[in-house]
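Please walk me through this structure in plain steps.

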Amino acid sequence: MAGRTVRVRGFPAELPPDRAADKLTIHFLRSRNGGGEIADVQVLPGACALITFEAPEVAQRILQAEHVLSVGGRRYPLEVTAHGAELSADEV
């Protein structure tokens with residue numbers, strides 16, 4: 001489970017959480033962005049999201065690439081960092 005989650009910042013804060021989750025899911029599923037299968041997307045207050053991938057290799061590829069999200073004709077550079085505090089199934 002370790003190493004599968006990344007923290008994403010930089011998308012528009014005015015996006016409703018469900019739309020932000022959809023946009024981020026589409027972006028990080030695409031193989032051209034280094035993405036792959038996603039287990040979970042959590043949009044948090046402050047234009048921050050936690051994305052958990054099915055495989056740690058995908059998270060590692062995501063961390064090594066630059067990401068720009070297009071929303072409404074505008075481009076938003078995303079800050080993607082490793083997220084260390086993952087919850088186990090027993091803690092949920």
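Arginine 7 has threonine 81 as its bridge partner in strand 5. In strand 3, the bridge partner of arginine 7 is leucine 50. The model is a predicted one, in which local features need pLDDT of at least 70 and side-chain atom pairs count only at pLDDT 80 or more, while totals for chains, interfaces and linings use all residues. Residues are numbered from 1 along each chain as its sequence is written, and side-chain values use heavy atoms, with hydrogens and water left out.

Strand 1 (residues 5-9) pairs with strand 5 (residues 74-82) in the antiparallel sense, over 4 bridges. Strand 1 and strand 3 also run antiparallel, joined by 5 bridges. Two strands count as paired if DSSP finds at least two bridges between them. Strands of a sheet pair through backbone hydrogen bonds, either parallel or antiparallel. Valine 8 stands opposite valine 80 in strand 5.

Step back to the whole chain. It has 2 helices and 5 strands. Both kinds of element are DSSP runs numbered from the N terminus: helices are H or I with at least four residues, strands are E with at least two. Along the sequence the pattern is β-α-β-β-α-β-β. The 5 strands form an open sheet in the order 2-3-1-5-4, with antiparallel pairing. Strand 2 (38-44) and strand 4 stand at the edges with a single partner strand each, so one side of each is left without a neighbour in the sheet. On average, neighbouring strands of this sheet are turned by 30° against each other, direction ignored.

Where do the helices lie? Helix 1 lies across strand 1, strand 2, strand 3, strand 4 and strand 5, and runs at about 130° to strand 4. Helix 2 (residues 56-64) lies across strand 1, strand 3, strand 4 and strand 5, and runs at about 125° to strand 5. These angles run from 0 to 180 degrees between N-to-C directions, with axes as lines fitted to C-alpha atoms, for helices over the stretch in contact. Contact means heavy atoms within 4.5 Å.

Next comes the interior. Of the 92 residues of the chain, 39% count as buried. Buried means under 20% relative accessible area, exposed means over 50%, and partly exposed lies in between (1.4 Å probe, protein chains only). The largest nonpolar core has 23 residues, of which Val8, Phe11, Leu24, Phe28, Ile51 and Phe53 touch the most other members. Strand 1, helix 1, strand 2, strand 3, helix 2, strand 4 and strand 5 each supply at least two residues of this core. Its largest share, 4 residues, comes from helix 1. Such a core is a set of buried Ala, Val, Leu, Ile, Met, Phe, Trp, Tyr and Cys residues joined through side-chain atoms within 4.5 Å.

Two core members also pair as rings. Phenylalanine 28 and phenylalanine 53 form an edge-to-face aromatic pair, at 6.4 Å centre to centre and 75° between the planes. Phenylalanine 28 lies in helix 1 (residues 17-29) and phenylalanine 53 in strand 3 (residues 48-53), so the pair ties together parts that are 25 residues apart in sequence. Rings of Phe, Tyr and Trp (its six-membered ring) pair if their centres lie within 6.5 Å; planes under 30 degrees apart are stacked, over 60 edge-to-face, and the rest tilted. Phenylalanine 28 is buried, at 0% relative accessibility. Phenylalanine 53 is buried too, at 0%.

Phenylalanine 11 has contacts beyond its neighbours within four places in sequence, including Leu24, Ala47 and Leu78. Alanine 47 is found in the loop between strand 2 and strand 3. Its phi is near 55°, a positive value in a residue other than glycine. Alanine 47 is buried, with a relative accessible area of 14%.

Histidine 67 is buried, at 3% relative accessibility. A polar contact of 3.0 Å joins the side chains of histidine 67 and histidine 27. A polar contact is a pair of N or O atoms within 3.5 Å; within protein, one must be able to donate a hydrogen and the other to accept it, and residues adjacent in sequence count only if both atoms are side-chain atoms. Strand 4 pairs with strand 5 in the antiparallel sense over 5 bridges. Leucine 69 has tyrosine 76 as its bridge partner in strand 5. The hairpin of these strands has 2 residues between them, and glycine 72 takes a positive phi near 60° there.
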